[in-house]
Amino acid sequence: MAIDLLNHKLDRAFDHIDANGNGVVERADLLGLGARILVGFGESPTSVTGASLVESFDGIWATLARTLERDGDSGIARPDFRTAMTAAFVTGGHYDPVFRPATVAVAELCDGDRDGEISPGEFRTMLSAFGVAYDDVDEAFDRLDRAGRGRLTVAGLVAAAADFYRSADPNAPGNWLFGPL
């Protein structure tokens with residue numbers, strides 16, 4: 001069951017990146033996700049925040065390619081994506097040095113006023129970039145806002161991402177990061 005849950009979540013992540021639906025993710029697809037996030041928040045890719053996001057997404061791509069022993073120009077099909085994500089970020093040692101900085105960059109971008117909190121509107125902007133259905137956003141926010149404050153913390157969003165990408169626990173709160181599984 002745990003493997004099925006992780007694979008399902010990794011398939012969801014694959015679909016977030018494979019925006020054109022051709023069944024292969026490429027570096028340009030991952031950077032395209034980053035661009036959609038930046039555009040949503042009106043951030044330039046050359047700003048400090050924007051450059052951090054682009055650099056961290058590029059680092060994820062480079063790690064996936066290295067894990068699969070491929071050059072950075074080769075596309076990755078869904079089964080290989082699962083394999084590489086699992087080996088690098090779920091069971092491997094690359095989550096904290098490579099993937100976590102990307103989640104921090106996205107979460108900090110969501111926090112437009114830099115108060116450490118993310119509003120429902122900011123959360124909606126982020127999930128929109130990932131292609132999450134509009135109707136799923138409110139439920140995702142409510143499930144992550146376990147204290148019922150109407151705000152998420154930057155740290156809480158980073159923790160939810162770790163749950164989503166790494167946890168095999170079917171009750172992990174972060175499983176709701178992108179709406180219902």
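Is Val90 buried or exposed? Some notes on that and a few other spots follow.

1. Keep in mind that this is a predicted model. On the opening question, Val90 comes out buried, because its relative accessible area is 15%, and the cut-off for buried is under 20%.

2. As for where Val90 sits, look at helix H4, which covers residues 78–90. Leaving out residues up to four places away in sequence, Val90 touches Leu6, Met85, Tyr165 and Arg166.

3. Next, Thr103, which you'll find in helix H5 (residues 95–110). Thr103 is buried too, with a relative accessible area of 10%. Once neighbours within four places in sequence are set aside, the contacts of Thr103 are Tyr95, Val158 and Ala161.

4. Now the largest pocket, with a volume of about 240 Å³. Its lining has 15 residues, and Leu144, Arg146, Leu152, Gly156 and Leu157 are the closest to the pocket centre.

5. Which element gives the largest share of that lining? Helix H8 does, with 5 residues. H8 spans 154–166, and both H8 and strand S4 (152–153) supply at least two lining residues each.

Terms used
Residues are numbered from 1 along each chain as its sequence is written. This is a predicted model: local features need pLDDT of at least 70, side-chain atom pairs count only at pLDDT 80 or more; totals for chains, interfaces and linings use all residues. Side-chain values use heavy atoms; hydrogens and water are left out. Helices (H or I, at least four residues) and strands (E, at least two) are DSSP runs, numbered from the N terminus. Buried means under 20% relative accessible area, exposed over 50%, partly exposed in between (1.4 Å probe, protein chains only). Contact means heavy atoms within 4.5 Å. On a 1 Å grid over the protein atoms alone, a cavity is a set of points where a 1.4 Å probe fits but cannot get out, and a pocket is an open set with protein on both sides within 12 Å along at least five of seven lines; lining residues have an atom within 4 Å of a point. Grid points are joined across faces, edges and corners, and a volume is the space filled by probe spheres set on the points.
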